Amino acid sequence: MCYLLALGCLFFPGLFILTRRFLQTNFPTLTDGDTVAVSVRFISSVQAMMAVFVGYIITSSCKHVMKDRHWISTAYVVFAAPYMVYDIYAMYLYHWYKEKVKRDRGQNSAPVNIVTDFLKKNALIVLHHLVLLLICFPIVVYYRKGLGDFFLGCLFLAELSTPFVSLAKLLSQFRKQNTLLYKVNGVIILVTFFFCRILVFPYMYWAYGKQHGIPAHRVPFHIPLHCTLGNAMLMAPQVYWFTLIVQKARRSVKAE
């Protein structure tokens, strides 16, 4: 387990450094902030697709939703844990470059505590990462007693929307909001986010009910309360982010 944790500590920051150096060497017109932004989104997409691949392996291998196990479930959680710490730092680095550009252009003359400003503007995503690292990680690795690999795989599949979200942010940063690619990508975000990050939760209840011969709406009364509370805690930010995505899509349609 320790070697997987160490591997994750090397892999994600190392890939970020290599990606940024590649961009600086081959695309000299990009600013430092641009190279950081592209690198952050690329690493995020790489992690997401790795998680989706792992999730597919787990869900296709586990026929019993509670008892069947696959070794890669816990292994990937341990390997990916350092990503949460790396991603918080990478987002902060990008925020720092954005503030630097504003200061250089004279757009932000008032003194700003960059750390405080970063935490205010990214409070939910930082909290999300910390909850996954400090609460979900020990539960998955130490306290679930080998149960529920199938559900863990379902949660990994939720990452399918991440590469499209990353692409949208990059296109927006480079002022490509009016392109066909941006619009098509926006539709893909709506579909993948809804199915993979919202419907995945009722689907897990349905899968448990099917396994045990229980109607899906009765499942919450047949499982421990903390399981339902945990699902609600994970689902809440997804619903909030999906609401923001829908609102942004509406504004884009009205603007045309």
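F79 is buried in this predicted model, its relative accessible area being 9%. The ring of F79 pairs with that of F12 in a tilted arrangement, with 5.3 Å from centre to centre and 45° between the planes. This pair joins distant parts of the chain, since F12 lies in helix α1 (residues 2-26) and F79 in helix α3, 67 residues apart. F12 is likewise buried, at a relative accessible area of 0%.

A second aromatic pair, F22 with F27, is edge-to-face. F22 is partly exposed at a relative accessible area of 47%, and F27 is also partly exposed, at 41%. The geometry of the two pairs is set out below.

| Aromatic pair | Centre to centre | Angle between planes | Class |
|---|---|---|---|
| F12 and F79 | 5.3 Å | 45° | tilted |
| F22 and F27 | 6.4 Å | 65° | edge-to-face |

The count of aromatic pairs comes to 17. Ring pairs also connect F11, F12, F16, Y76, F79, Y83, Y86 and F156 into a cluster.

Helix α3 spans residues 71-104 and packs against helix α5, residues 123-143. Their axes are 10 Å apart and form an angle of about 160°; with over 145° counting as roughly antiparallel, α3 and α5 are therefore roughly antiparallel to each other. The crossing of these helices is left-handed. On the α3 side, the contact residues are T74, V77, V78, A81, M84, V85, D87, I88 and M91. Their counterparts in α5 are I125, V126, H129, L130, L132, L133, F137, V140 and V141. By class, the residues of this contact comprise 15 nonpolar, 2 polar and 1 charged.

Technical notes: Residues numbered from 1 in each chain as written. Predicted model: local features only at pLDDT ≥ 70, side-chain atom pairs only at ≥ 80, totals over all residues. Heavy atoms only, no water. Axes fitted to C-alpha atoms, helices over the stretch in contact; angles between N-to-C directions. Helix = DSSP H or I, 4+ residues; strand = E, 2+ residues; numbered from the N terminus. Parallel < 35°, antiparallel > 145°, perpendicular 65-115°, else oblique. Left-handed = near helix turned anticlockwise from the far one by under 90°. Contact = heavy atoms within 4.5 Å. Nonpolar A, V, L, I, M, F, W, Y, C, P; charged D, E, K, R; others polar. Phe/Tyr/Trp six-rings, centres within 6.5 Å; stacked < 30°, edge-to-face > 60°. Buried < 20%, exposed > 50% of the residue type's maximum accessible area, 1.4 Å probe, protein only.
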